[in-house]
Amino acid sequence: QVQLVESGGGLVQAGGSLRLSCAASGGTFSRYQMGWFRQAPGKEREFVSVIRSSGSSTYYADSVKGRFTISRDNAKNTVYLQMNSLKPEDTAVYYCAADAPWLRTTPQAYNYWGQGTQVTVSS
């Protein structure tokens, strides 16, 4: 069983940056594709980014491409999401997820989830 714990969320002004972290335990982290999703109030959970188990490949939603960067440190069992040039529409609870086939962008494809961290971007 894999446990995921996100951190790094908070309140930031538009144009600012945040770095989210997701620490994993209880499994073989280096085996898992890791994804980030987000969910705004009243909206469905949406895909943000995914990184291959080795870290060799990444993929982004069009809405965040060029502003967000996903990375991982398999020695630390941690995946990161660097978010730059934040916009009010990025406001959401951000979740990390583990263990899905490569390039799957639907929440149903992932077997493990963290509890989420709130990101609020003020205008």
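Gly10 has Val119 as its bridge partner in strand 11. Strand 2 (residues 10–13) and strand 11 pair in the parallel sense over 4 bridges; pairing requires at least two DSSP bridges between two strands. This is a predicted model, in which local features need pLDDT of at least 70, side-chain atom pairs count only at pLDDT 80 or more, and totals for chains, interfaces and linings use all residues. Residues are numbered from 1 along each chain as its sequence is written, and side-chain values use heavy atoms, with hydrogens and water left out.

**Overall fold**

- The chain has 11 strands and 0 helices. Both element types are DSSP runs numbered from the N terminus: helices are H or I with at least four residues, strands are E with at least two.
- From the N terminus on, the elements run β-β-β-β-β-β-β-β-β-β-β.
- The radius of gyration is 13 Å, close to the 14 Å that the globule rule gives for 123 residues, so the chain is as compact as a globular protein of that length. The radius is taken over C-alpha atoms, and the rule is 2.2 Å times the number of residues to the power 0.38.
- Along the principal axes, the C-alpha atoms fill a box of roughly 40 × 30 × 25 Å.
- Of the 123 residues, 44% count as buried. Buried means under 20% relative accessible area, exposed over 50%, and partly exposed in between, with a 1.4 Å probe and protein chains only.
- Among contacts between residues at least 6 apart in sequence, 57% join residues at least 24 apart. A contact means heavy atoms within 4.5 Å.

**Strand 11**

- Strand 11 also pairs with strand 9: the two run antiparallel and are joined by 3 bridges.
- Tyr94 has Thr117 as its bridge partner in strand 11.
- The covered face of strand 11 holds Thr117, Val119 and Val121. Its uncovered face holds Gln118, Thr120 and Ser122.

**Nonpolar core**

- The largest nonpolar core has 37 residues. Such a core is a set of buried Ala, Val, Leu, Ile, Met, Phe, Trp, Tyr and Cys residues joined through side-chain atoms within 4.5 Å.
- Leu4, Met34, Trp36, Leu81, Met83 and Tyr94 have the most contacts inside this core.
- Two or more core residues come from each of these elements: strand 3 (18–25), strand 4 (34–39), strand 5 (46–51), strand 7 (68–73), strand 8 (78–83), strand 9 (92–98) and strand 11 (117–122).
- Strand 9 gives the most to the core, with 5 residues.
- Not counting residues up to four places away in sequence, Met34 touches Leu4, Cys22, Phe29, Ser49, Val50, Ile51, Ile70, Arg72, Val79, Ala97 and Ala98.
- In soluble globular proteins, nonpolar side chains tend to be buried together.

**Disulfide**

- The count comes to 1 disulfide, with a cut-off of 2.5 Å between the sulfur atoms of a cysteine pair.
- Cys22 and Cys96 form this link, with their sulfur atoms 1.9 Å apart.
- The link of Cys22 and Cys96 is right-handed, with 45° about the S-S bond.
- Cys22 lies in strand 3 and Cys96 in strand 9, so the pair ties together parts that are 74 residues apart in sequence.
- Cys22 counts as buried because its relative accessibility is 0%. Cys96 is also buried, at 0%.

**Thr78**

- Thr78 sits in strand 8. It is buried because its relative accessible area is 9%.
- The side chain of Thr78 reaches the backbone oxygen of Lys76 at 2.8 Å.
- Beyond four places in sequence, Thr78 touches Ser21, Cys22, Ala23, Phe29, Arg72 and Asp73.

**Two loop residues**

- Ser53 lies in the loop between strand 5 and strand 6 (58–60). At 16% relative accessibility, Ser53 counts as buried.
- Not counting residues up to four places away, Ser53 touches Ser30, Arg31, Tyr32, Gln33, Arg72 and Asn74.
- Gly26 is in the loop between strand 3 and strand 4. Gly26 is exposed, with a relative accessible area of 55%.
- Gly26 and Val2 are 24 residues apart along the chain, with 4.7 Å between their C-alpha atoms.
- Leaving aside neighbours within four places in sequence, Gly26 is in contact with Gln1, Val2 and Gln3.

Conventions. A polar contact is a pair of N or O atoms within 3.5 Å; within protein, one must be able to donate a hydrogen and the other to accept it, and residues adjacent in sequence count only if both atoms are side-chain atoms.
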